[in-house]
Amino acid sequence: MTVQISIELPEAAFSALRSSPETFVQEMRLAAAVKWYEVGTLSQSKAAEIAGVSRQEFLEALSRYNVSPFQVTPEELAEELMRE
């Protein structure tokens with residue numbers, strides 16, 4: 001099941017971003033999913049689903065947005081390794 005959401009945007013938004021409305025919507029979905037993944041709200045697979053891309057494409061997008069694919073900090077990882 002899908003839900004359709006309508007958002008009103010000024011027409012100038014598309015020219016400012018040099019994109020068509022369709023491309024803008026796809027990029028907005030991807031940007032939102034990347035951010036939600038970055039803050040820990042979503043898993044990679046759920047974020048990819050929301051963005052409408054494969055998990056591989058989502059990982060590539062994380063790189064473009066300079067977001068780590070890992071949801072733990074180096075400090076948290078070191079701490080976890082010290083406990084083992």
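Which helix gives the largest share of the lining of the largest pocket? I looked, and α2 does, with seven residues. Helices here are DSSP runs (H or I, at least four residues), numbered from the N terminus.

Before going on, I noted that this is a predicted model, where local features need pLDDT of at least 70, side-chain atom pairs count only at pLDDT 80 or more, and totals for chains, interfaces and linings use all residues. Residues are numbered from 1 along each chain as its sequence is written, and side-chain values use heavy atoms, with hydrogens and water left out.

Pocket entry. I got a volume of about 590 Å³ for the largest pocket. Of its 18 lining residues, Val-3, Gln-4, Ile-5, Val-25 and Arg-29 are the closest to the centre. On a 1 Å grid over the protein atoms alone, a pocket is an open set of points where a 1.4 Å probe fits, with protein on both sides within 12 Å along at least five of seven lines, and lining residues have an atom within 4 Å of a point. The volume is the space filled by probe spheres set on the points, which are joined across faces, edges and corners. Both α2 (21-38) and α3 (44-51) supply at least two residues of that lining.

Helix entry. I checked how α2 and α3 sit: their axes, lines fitted to C-alpha atoms over the stretch in contact, come within 8 Å and cross at roughly 165°. Angles run from 0 to 180 degrees between N-to-C directions, and over 145 counts as roughly antiparallel, so α2 and α3 are roughly antiparallel to each other.

Notes: Parallel < 35°, antiparallel > 145°, perpendicular 65-115°, else oblique.
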